[in-house]
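Here's a quick briefing to read alongside the structure. Have the sequence and the 3D view open as you go through the points below.

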Amino acid sequence: MFLFQIINDVKKNTFNITFIICLCTSIILFLCSNAYFDIASDRQYSVIECILNYDKSLVESKYSFASVLLFFNGFENQYSKIFIPVLSSLPCLISYDAVLKSGFIRNEYYRCSKKKMIASKFLAGAISGGLISLLCVLIYGLIVFSVFPSISSYHFEDDFIIIENSFLKSINMVIGYIIYGMVSTILPFVLFEFLRNVSITESISFIIYYIYYMILNKHAFTIDEPQKIECFYPHSIISVFNKELDWKTIIFNFIFIFISFSVYYLCKMRRSDVCE
């Protein structure tokens, strides 16, 4: 019954127009990733610009157009890192808000216990955020691997560039981005319990993330080894599986998830009416 409840909540979060809009927006942000820097014009071109103005001779002569490199560039896109918390959580919040206002959540409450319903909503929100991230990178990957040539088609002198285990690295990046999408959903979801307004919740969560990034970036410039605080960046989870397992990042995210769920759980349990 609990698993069925989670599946049912995930369906509510994903089978709607908001999910499709957020997914399309996420893909567009990925397509805005850097692809090629033109020295002559001193301009950086994005992936989508290179697709719309495809120059076969240029693409075949510059290794930066290799599909696997463009795929990796998508994960370095600052826009997607900043906006994914909003895009991953918006379908969940709108669906949850609609259920609360309609009163149908009472029917769910009568079918399972209070604790299971609370856990189900929390897990379903995280899973729906992960689904947006998964579909986004899959579609983006399909685009770049279909349009741009493989890195094996380029020839380099003295092994100028070597991409080792590119397939394994791609899988690890995808897994990391899915987890990032899931974790990014948690803060807006918890804030919604207090604010009960989707627009205000998303705005405040975006401001919190933005200020948090600004504080970390400013602090990074004041220390000798800025890599020591990389684990505190929300997007650090994306590359956590690439090389050696980054336990600092894993522990930091685990603590964040635990605290967030505890706050959400206590908030729900202390309400006189859990269906509010």
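This is a predicted model: local features need pLDDT of at least 70, side-chain atom pairs count only at pLDDT 80 or more; totals for chains, interfaces and linings use all residues.

## Helices, a cavity and some rings

Helix α6 comes up a lot below: it has a bend at I84, a cap at its N-terminal end and the biggest share of the lining of the largest cavity.

**Helix α9**
- Helix α9 covers residues 166–195, which makes 30 residues.
- From first C-alpha to last, α9 reaches 44 Å, close to the 44 Å expected at 1.5 Å a residue.

**Helix α6**
- With 25 residues (78–102), α6 should span 36 Å at 1.5 Å a residue, and its end C-alpha atoms sit 37 Å apart, so the two values agree.
- There's a bend of about 50 degrees in α6 at I84, with a proline, P85, following within four residues.
- N77 does the capping at the N-terminal end of α6, placing a side-chain oxygen 2.8 Å from the backbone nitrogen of Y79.

**The cavity**
- Searching the whole structure turns up one cavity of 30 Å³ or more.
- The largest cavity holds about 80 Å³ of space.
- Its lining is made up of D9, K12, N13, C92, S95, Y96, V99, K121, A124 and F189.
- Three helices, α1 (2–14), α6 and α8 (114–147), each bring at least two residues to that lining, and α6 gives the most, with four.

**Aromatic pairs**
- The structure has 24 aromatic pairs.
- One of these is F71 with Y140, a stacked pair with 6.3 Å centre to centre and 20 degrees between the planes.
- F71 belongs to helix α5 (residues 67–75) and Y140 to helix α8, so this pair ties together parts 69 residues apart in sequence.

Definitions and conventions: Residues are numbered from 1 along each chain as its sequence is written. Side-chain values use heavy atoms; hydrogens and water are left out. The expected span of a helix is 1.5 Å times one less than its number of residues. The bend at a residue is the angle between axes fitted to the seven residues ending there and the seven starting there. A polar contact is a pair of N or O atoms within 3.5 Å; within protein, one must be able to donate a hydrogen and the other to accept it, and residues adjacent in sequence count only if both atoms are side-chain atoms. On a 1 Å grid over the protein atoms alone, a cavity is a set of points where a 1.4 Å probe fits but cannot get out, and a pocket is an open set with protein on both sides within 12 Å along at least five of seven lines; lining residues have an atom within 4 Å of a point. Grid points are joined across faces, edges and corners, and a volume is the space filled by probe spheres set on the points. Rings of Phe, Tyr and Trp (its six-membered ring) pair if their centres lie within 6.5 Å; planes under 30 degrees apart count as stacked, over 60 as edge-to-face and the rest as tilted.
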